[in-house]
Amino acid sequence: MMEKRKLEKLGIETSLLGFGCMRFPVTAEGRIDEEEAEKLLDTAIKGGVNYIDTAYPYHNKESEPFVGRVLQKYDRDSFYLATKLPVWLVKETGDVDRLFEEQLSRLRTDHIDFYLMHALDKERWEAMKKIGCIERLEQLKAQGKIRYLGFSFHDSYEVFEEILNYRDWDFCQIQLNYMDAGEQAGLKGYELTAKKQIPLVVMEPVKGGSLASFGEDITEKFKSQNEKASIASYALRWVGSLPNVKVILSGMSTMEQVEDNLGTFSDFHPLTGEERQLVEEVVEILNSRVRNGCTGCRYCMPCPAGVDIPGCFKAWNTYHIYQNYNMVKHAWEVEIGEKGQAKNCVKCGKCEQACPQKLSIRADLERVQADLDQKEMVR
């Protein structure tokens, strides 16, 4: 039977596993493979999943209309629907109403159960406060169009603390997994939600799939603990072992993933002490693959030659930790791009004079370019 969690603050109960609608299977043209995706949703719901999470931009804006159509066959009171206000499109209060009404129409519903301000960071938060976005959302909640109001988050712990303390939120959503325990809001943010008794929804529990597949050395460690358990199940159970985590979102794109997750959450048990120690050993191994100690402080920036030095080092370290070029492909090729790549270094040395960590930046940038040009990890 599906593991359920009580959200005491809200007086409801949700499935611990939530279906994240950002990674549906797609066709060769990049559109949602609707027939296959509907099977995945149906299987998950039949298995006890009652929390469905989508957002305005997912799948080039196709996710909400698709989810709205599929959910028509289910009793509206049998599931909790979550979606998010694209705050980057909100320039004035009227935009809140326009976007929200559009989302209601796309989702074919008269209310949203869990409505989030999407991907808040300091800049977006300040902008939303300035135009009165929160107050308008509170009015929509008072009208019954929103049942529970929250936010999702990507920034530092300090910003998270500020937002969480601003008002009495119904819930919130953060990225959390055993490799990101110290990143963004992290475990420190989790502890704050527990202290304030604000129900927590977790995204990226398997870090975009990177904690579901490893090389032989780490795979063998997990398999020696339990031959039948999937690698992903350890990441999901690590998050689920935290009692104030009420929903763990998983972006499932294959039937195999759906069935594996249903198995994990239908016979759910927190990590044992021995399993927790195993995960800690894995984290230590992965962190040992870090190539340099760049902290992203940006004292080295701006680079006279246009190199995104912190970005290059983050991509390089991530590439080696997970031994998977796909983990950094978008960051390296698009976000950093040709102009920001390490190959543009002119070896002026200005960065090294400013670096608090005293890193050999020029030599390391050469290694960054050589490794990421290679594109495949030699194990």
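Predicted model: local features only at pLDDT ≥ 70, side-chain atom pairs only at ≥ 80, totals over all residues.
User: How many disulfides does the count come to?

Analyst: A disulfide is a covalent bond between the sulfur atoms of two cysteines. To be counted, the two sulfurs must lie within 2.5 Å. By this rule there are 0 disulfides here. Cys21 takes part in none, and the nearest cysteine sulfur, that of Cys172, is 20 Å away.

User: Which cysteine sulfur is closest to that of Cys355?

Analyst: That of Cys297, at 6.3 Å, which is too far for a bond.

User: Are Cys21 and Cys355 buried or exposed?

Analyst: A residue counts as buried when its relative accessible area is under 20%. Cys21 is buried because its relative accessibility is 0%. Cys355 is also buried, because its value is 6%.

User: What is Met117 in contact with, leaving aside neighbours within four places in sequence?

Analyst: Its partners include Leu85, Val87, Met128, Cys133, Leu137, Phe151 and Trp169.

User: At what angle do α10 and α12 pack?

Analyst: The angle is taken between the N-to-C directions of the two axes. For α10 and helix α12, residues 273-288, the angle is about 110°, and the axes are 11 Å apart. Angles from 65 to 115 degrees count as roughly perpendicular, so α10 and α12 are roughly perpendicular to each other. From α10, Tyr234, Arg237 and Trp238 make the contact; from α12, Glu275, Arg276, Leu278 and Val279 do. The crossing of α10 past α12 is left-handed.

User: Where is Asp364 found, and is Asp364 buried or exposed?

Analyst: Asp364 lies in helix α16, which covers residues 361-374. Asp364 counts as buried because its relative accessibility is 8%.

User: Which residues is Asp364 in contact with, apart from neighbours within four places in sequence?

Analyst: Asp364 is in contact with Asn292, Phe313 and Trp316. As for separation, Asp364 and Cys312 are 52 residues apart in sequence and 9.7 Å apart in space, C-alpha to C-alpha.

Conventions. Residues numbered from 1 in each chain as written. Heavy atoms only, no water. Buried < 20%, exposed > 50% of the residue type's maximum accessible area, 1.4 Å probe, protein only. Helix = DSSP H or I, 4+ residues; strand = E, 2+ residues; numbered from the N terminus. Contact = heavy atoms within 4.5 Å. Axes fitted to C-alpha atoms, helices over the stretch in contact; angles between N-to-C directions. Parallel < 35°, antiparallel > 145°, perpendicular 65-115°, else oblique. Left-handed = near helix turned anticlockwise from the far one by under 90°.
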